Amino acid sequence: MQVESISTRLVSLPMSQPYTSSVGWTIGAVGHVMVEARTSEGHIGIGYARSLHNGKLPAIRAAIEDVKRLAIGEDPFAVIRIWREMMANNYWFGPGGLINFAISAIDIALWDLLGQVTGKPLYVLLGGGRQRVPCYYTGFRRSTPADHLGMEAAMLRTQGLTAFKIKVGGEDSLDKEIERVRAVREAIGDDMALMVDPNRAWSADVTIEMGARMEPYNLRWLEDPIPYEDMEGRTRVAACLEVPIASGEDMYTGSQFRDLAEHKAADIFNVDLQRVGGISGWLDVTSFLEGRNLPYAGHWFSEIQCHLFATTEKGLTLEYMPWHFGLHKKKPRIVNGLMELPQGPGIGWEIDEELVKRYEIG
Ligand SMILES: [Mg+2]
């Protein structure tokens, strides 16, 4: 059996409500470069890269069209060897960056393909033993006023969720930021987990002040409070504050995670599936974290990372955002804070082809 062809489509899925990102973009749609890998026997695996910026989709597609030659003609069961080849071949352009998005999309398609060939869900292929994995909800956007946050939390509590992450960093005073945290904590009660993510909006000094002010709200973690480039500040913040610091969603390589660990700049390591180069890259990075007893969480892509978390020991929880699932026919069931894994072959949520056709842009 060999990979006979790999083709791409661009899909722009509109969001029900536009979103303002941490860097000020207004996002009305989630862009995807869909990858279809087909074997000589007619099996099809589907992967994708995702972007909050549709303008980058043609560049990701061009990278996929270049990198795919390293997979075509190969046995898809050699997926990890193919992944190493793709990473090594493109080292000159990185390591990391947009090329990892391209490699990730191909790698996801190949793993999905193995599921289609064997008829097994991805978590079974990977040797995972769990059928439910912990997840938390990210919402509470900066554009949502503080006095609406409580209503959002109350509605979400009815959906089986037990852990929530809110966005801060957009208010014009620190008192207003604290008000957002207080509103959600009061609405969810003391028995639910609460995380706070300023998306690098604060300085180290502000973070140390805010960490102390947020202590009464018993945060599970504070995520990426300050810019990545300030490693000294990140180390100082992690040393000064009791609240665990989560970081890593912008990391591409195992050595970047190692630096984070060696500088003691994070307590919880946040792994982004496509930045680390897909499922094979995720296995590579998390084997480093598992081996050093370092707890980690999943950033974005919960519909794929849920399979990976079925295999973990130190994996804490996945980031669930409902618009992850826009492409898929099946939606997850969350019971008591646990996401139930799909039982179909491969990724298992089934791509909604009608929807993909409707929103295809190239
Ligand atoms: Mg974040």
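What we have is a predicted model, where local features need pLDDT of at least 70, side-chain atom pairs count only at pLDDT 80 or more, and totals for chains, interfaces and linings use all residues. Residues are numbered from 1 along each chain as its sequence is written.

Let's start with the layout. The chain splits into domain 1 (3-119) and domain 2 (124-340), with bounds from an automatic or database domain assignment. Their C-alpha centres are 24 Å apart. Domain 1 brings 27 residues to the contact and domain 2 brings 23; contact here requires C-beta atoms, placed from the backbone, within 7 Å.

Which helix gives the most to the side of domain 1 that touches domain 2? That is α3, with 10 residues. Helices are DSSP runs (H or I, at least four residues), and strands are too (E, at least two), numbered from the N terminus.

Now the largest nonpolar core. It has 101 residues, and those touching the most other members are Val-35, Ala-102, Ala-105, Ile-106, Phe-164 and Val-184. Such a core is a set of buried Ala, Val, Leu, Ile, Met, Phe, Trp, Tyr and Cys residues joined through C-beta atoms within 7 Å, and buried means 20 or more other C-beta atoms within 10 Å of a residue's own. Again α3 supplies the largest share, 11 residues.

Finally, look at Val-184. Beyond neighbours within four places in sequence, Val-184 contacts Phe-140, Leu-149, Ala-153, Phe-164, Ile-166 and Leu-194.

Key
Buried ≥ 20, exposed ≤ 12 C-beta atoms within 10 Å, placed from the backbone. Contact = placed C-beta atoms within 7 Å.
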